[in-house]
Amino acid sequence: MELMFLGGCQTVGGSGLLISNGETNILVDYGVYMGKKDDPIPELPPEDVDAVFLTHVHLDHAGGAPALYAGSYPDGPPVYVTPPTQSLLPLLIDDMLKIKKLPFGKKEENRMLRKAQIMNYGDTVKINGIIVEIVNSGHVPGAYSTIIKADGKCVFYTSDFNTSQTRLVKSANFNGLKPDVVVMESTYALKEHPERSQTEREFVNAVLNVVEGGGVVLIPAFAVARSQEILCVLEKYNVECSITLDGMARDASRLLLQHPDYLKDYEALLRALSKCRWVRGFHDRVEAASRPGVIISTAGMLKGGPTIHYMRMLAKDSENAIFLVSFQIPGTPGRMLLDTGYFPLYGKPERVNAQIKFFNFSSHADRKMLHSLVESVSKRSTTFFTVHGEKDACRTLAEEIEENYGNQAINPNVGETYTL
Ligand SMILES: [Zn+2]
């Protein structure tokens with residue numbers, strides 16, 4: 001069996017792994033690069049692809065897949081997804097096509113969607129001689145890790161995973177797995193998350209403080225998963241105030257409700273959503289910004305979307321607050337706000353008087369969880385590949401695996417091939 005790393009090497013973005021047994025080629029993930037990079041997607045695989053597996057809906061894992069259905073790939077391979085990924089993918093890809101220049105468009109996206117094959121957690125599919133099983137990765141609804149078997153070898157590709165409890169999805173459990181090769185994410189190889197229940201309590205107290213003082217809390221959040229996670233936290237702690245939901249998070253919420261099996265507590269999400277005010281037009285926005293309460297809106301890093309309108313209405317008043325609930329990539333307006341207290345309200349950065357806070361609601365494994373995974377799945381001969389992390393994170397994790405556990409660990413470069 002051969003592994004070829006197409007992307008997601010020493011960076012977050014453009015994830016792609018080609019697995020081949022000489023006759024059959026399967027591609028696991030095919031994402032876009034998120035930042036300013038010349039090539040928006042990894043170079044296309046040199047071989048024909050017999051099947052594509054998209055581990056979850058995030059665009060750094062799935063956003064490049066329509067490229068496989070362009071030009072010389074008019075028919076294209078089947079694409080294996082879970083029901084939530086199938087529902088949410090068009091929403092996120094359509095949104096990306098509006099803002100990013102890519103070597104494909106709506107036509108290729110539709111061709112890909114027509115090739116969707118549904119899998120559920122625990123399902124196995126055989127692509128000629130390669131057997132692929134998917135299991136819950138605990139990252140976002142519908143996200144999976146893959147167990148790939150061929151030539152008597154077993155490869156475990158974690159993709160983005162989380163073994164700690166969140167409100168929205170059940171956590172991953174990889175007990176009993178003893179693969180020959182592990183390809184693992186390294187996003188937080190250098191960081192430890194605070195305890196989730198402590199973050200929740202701090203967050204809820206901070207929200208209540210602002211609202212009881214007559215202010216508005218703006219929570220910029222990703223449309224899929226983070227918005228709903230925050231809603232479930234507010235619901236869990238019985239936060240009784242006006243809660244407004246705006247932007248793509250509304251559509252994503254509606255779609256997620258169609259997949260109760262993929263939610264940890266469908267009833268809780270339903271209750272939370274039924275208490276929300278759903279913004280329909282600009283008038284609703286003005287109204288939401290003028291009464292004490294919480295506004296959850298896209299974009300998560302304040303790069304466009306209705307958050308900009310809310311920033312203009314709320315940022316200058318010190319009674320209000322902006323609570324960031326996801327990692328802010330350097331170079332984004334959200335990161336500028338967090339680091340400097342300035343925000344480009346009308347093009348040029350202006351001082352923000354509202355309270356600014358960051359709460360860690362990460363849906364990725366942290367350093368401790370990554371090390372526990374290594375400990376639990378490794379046998380003496382297991383080889384690890386560290387991907388999906390910044391350069392330092394991928395390198396350090398590989399070094400620590402070799403030092404602490406004595407296993408071979410490799411931090412691969414784009415385009416490298418390894419034979420098992
Ligand atoms: Zn992800």
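Select I131 and K149 to start: in this predicted model, I131 stands opposite K149 in β9. Now show the strands around the pair. β8 and β9 (residues 144-150) run antiparallel and are joined by six bridges.

Stay on I131 and look to its other side. There, K126 stands opposite I131 of β8. Colour β7 (residues 124-127) and β8 (residues 130-136), and you have an antiparallel pairing over four bridges. The turn of this hairpin has two residues between the strands, and N128 takes a positive phi near 50 degrees.

Next, zoom out to the sheet. Its seven strands come in the order β7-β8-β9-β10-β11-β20-β21, and this open sheet has mixed pairing. Where are the edges? They are at β7 and β21 (409-410), each of which has a single partner strand, so one side of each has no neighbour in the sheet. As background, strands of a sheet pair through backbone hydrogen bonds, either parallel or antiparallel.

Go along to β11 (residues 181-185) and pick E185. Is E185 buried or exposed? E185 is buried, because 28 other C-beta atoms lie within 10 Å, and 20 or more is enough to count as buried. From E185 to N320 the C-alpha to C-alpha distance is 37 Å, with the two residues 135 apart in sequence.

Now colour by domain. Domain 1 takes in 2-190 + 363-419, while domain 2 is 196-358. Their C-alpha centres lie 29 Å apart. Where they meet, 22 residues of domain 1 are in contact with 20 residues of domain 2. On the domain 1 side, the touching residues are 11 nonpolar, eight polar and three charged.

Then highlight the largest nonpolar core, which has 130 residues. I19, V52, V217 and I219 have the most contacts inside it. Why does this core lie between the domains? Both domain 1 (2-190 + 363-419) and domain 2 (196-358) give residues to it, so that is where it lies.

Click on I19 from that list. Apart from neighbours within four places in sequence, I19 is in contact with M1, L3, I26, V28, I130, I148 and V155. Two of the strands to show here are β2 (residues 16-20) and β3, which run antiparallel and are joined by five bridges. Look for S20, whose bridge partner in β3 is N25. The hairpin of β2 and β3 has four residues between the strands, and G22 takes a positive phi near 95 degrees.

Follow β3 (residues 25-30) itself: six of its six residues are buried. β3 also pairs with β4 (residues 51-53), this time in the parallel sense, over three bridges. Within that pairing, L27 has V52 of β4 as its bridge partner, and V52 is one of the core residues with the most contacts.

Last stop: helix α9 (residues 307-314). Select T307, Y310, M311 and L314, which are buried. Look down the axis of α9: the buried residues fall within an arc of 105 degrees, so they line one face of the helix. Behind that is a general rule: an α-helix has 3.6 residues a turn, so residues three or four places apart point the same way. To see what covers the buried residues of α9, bring up β12 (216-220), α8 (282-289), β15 (293-297) and β17 (342-344), which are included in that cover.

How values were computed: Residues numbered from 1 in each chain as written. Predicted model: local features only at pLDDT ≥ 70, side-chain atom pairs only at ≥ 80, totals over all residues. Buried ≥ 20, exposed ≤ 12 C-beta atoms within 10 Å, placed from the backbone. Pairing = 2+ DSSP bridges. Domains from an automatic or database assignment. Contact = placed C-beta atoms within 7 Å. Nonpolar A, V, L, I, M, F, W, Y, C, P; charged D, E, K, R; others polar. Core = buried A, V, L, I, M, F, W, Y, C linked by C-beta atoms within 7 Å. Arc of directions from axis to C-beta.
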